[in-house]
Amino acid sequence: MRVDVFTIFPDAFTGPLTESIIQRAQDEGKIRIELHDIRSWARDRHRSVDDYPYGGGAGMVMMAPPIVEAVEEVVGRDSESASVIIPSPSGELFTQSMARELAQSARLVFICGRYEGIDARVTELLHGREVSIGDYVMTGGDLAAAVMIDVIARLIPGVIDEESLADESHTSGLLEYPQYTRPHTFRDLSVPDMLLSGHHARIAEWRREQSLERTLSRRPELLEQAELTETDRRWLANHAASDQEAESCRIDRAKRAELPHDASDVEE
Ligand code: ADE
């Protein structure tokens with residue numbers, strides 16, 4: 001896979017893309033990442049790449065010409081042969097399934113904006129896809145691009161072993177079960193006995209339930225899209241019911257605790 005990143009801060013990528021697994025993938029030729037400084041395509045002697053927004057408002061907007069000309073020169077006029085990603089807090093949400101889809105592309109292009117964003121014509125002219133990595137606003141698209149490249153690169157065949165990908169969070173739409181390693185006991189906390197039982201089928205079942213429980217309590221909205229078996233559904237139905245019971249007990253207790261309060265309010 002070839003990845004071209006257009007940025008005004010190429011140094012922001014050293015570190016995220018030059019360590020560990022991603023560096024090894026580059027050394028092994030599984031991914032080639034090229035950084036391009038958008039300022040090299042600026043048209044004036046001050047190397048300006050931004051200007052005031054039409055219609056007024058705070059901040060500066062990155063201009064279309066240097067970016068479009070940079071991408072056309074590096075990628076070619078036919079940028080449709082590549083997937084062009086424009087990190088933006090107002091883009092569609094980046095997910096593991098989008099990463100799997102992008103990992104199939106032979107060529108990816110990232111265009112990183114700073115300031116108040118990028119002239120909207122860049123997305124149109126380069127057939128870009130605006131993508132957000134989460135519901136928060138960062139100072140620019142560079143770190144968001146680095147996050148996406150990291151997620152996509154590890155899905156390229158051979159970058160990490162297939163077994164690690166199979167069980168991890170989000171692969172089947174659930175959060176991953178908790179993991180433990182030695183020592184067996186640390187600060188009075190011991191590894192769950194089940195993991196020492198040596199009974200592989202029961203361990204797999206326990207881990208599945210842990211995944212379901214974590215997903216139900218931390219990210220219940222993921223359950224709507226998750227791949228669930230009949231056993232999973234039964235487990236969830238039981239636990240959702242007992243969660244509801246616990247919740248109504250909690251409400252009852254809260255109501256009882258409030259009663260004396262209400263009574264004294266009436267007396268006053
Ligand atoms: N640029 C600023 N915030 C961002 C976000 N949440 N996702 C992608 N790009 C961004």
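This is a predicted model: local features need pLDDT of at least 70, side-chain atom pairs count only at pLDDT 80 or more; totals for chains, interfaces and linings use all residues.
Helix α5 is largely enclosed by the rest of the structure, because nine of its 12 residues are buried.

**Helix α5**

- The helix runs over residues 142–153 and reaches 16 Å from its first C-alpha to its last, close to the 16 Å expected at 1.5 Å a residue.
- Its buried residues are Asp142, Ala144, Ala145, Ala146, Met148, Ile149, Val151, Ile152 and Ala153.
- As a reminder, an α-helix has 3.6 residues a turn, so residues three or four places apart point the same way.
- One of the buried residues of α5, Ala144, also turns up among the residues around the ligand.

**Who sits around the ligand**

- Sorted by class, that gives eight nonpolar residues, four polar ones and no charged ones.

**What the ligand's nitrogen atoms meet**

- For Ile133, the distance from a polar backbone atom to a nitrogen atom of the ligand is 3.0 Å.
- Met138 also has a backbone N or O atom by a ligand nitrogen, at 2.9 Å.
- On its own the ligand has 260 Å² of accessible area, and the protein covers 96% of that.
- Two elements give two or more residues each to the shell, namely β5 (83–93) and β7 (129–132).
- Strand β5 makes the largest contribution, with three residues.

- β6 spans residues 107–111, and five of its five residues are buried.
- Cover comes on both faces: Arg107, Val109 and Ile111 are buried on one side, and Leu108 and Phe110 on the other.
- Strand β1 (residues 2–7) pairs with β6 in the parallel sense, over five bridges.
- Within that pairing, Val5 has Phe110 of β6 as its bridge partner.
- β5, the strand that gives the ligand shell its largest share, pairs with β6 as well, again in the parallel sense and over three bridges.
- Leu108 in β6 has Ser83 standing opposite.

How values were computed. Residues are numbered from 1 along each chain as its sequence is written. Side-chain values use heavy atoms; hydrogens and water are left out. A residue is near a molecule or strand if one of its heavy atoms lies within 4 Å of it. A polar contact is a pair of N or O atoms within 3.5 Å; within protein, one must be able to donate a hydrogen and the other to accept it, and residues adjacent in sequence count only if both atoms are side-chain atoms. Accessible areas come from the Shrake-Rupley method with a 1.4 Å probe; for residues, only the protein chains shown count as cover. Helices (H or I, at least four residues) and strands (E, at least two) are DSSP runs, numbered from the N terminus. Ala, Val, Leu, Ile, Met, Phe, Trp, Tyr, Cys and Pro count as nonpolar, Asp, Glu, Lys and Arg as charged, and the others, Gly among them, as polar. Buried means under 20% relative accessible area, exposed over 50%, partly exposed in between (1.4 Å probe, protein chains only). Two strands pair if DSSP finds at least two bridges between them. The expected span of a helix is 1.5 Å times one less than its number of residues.
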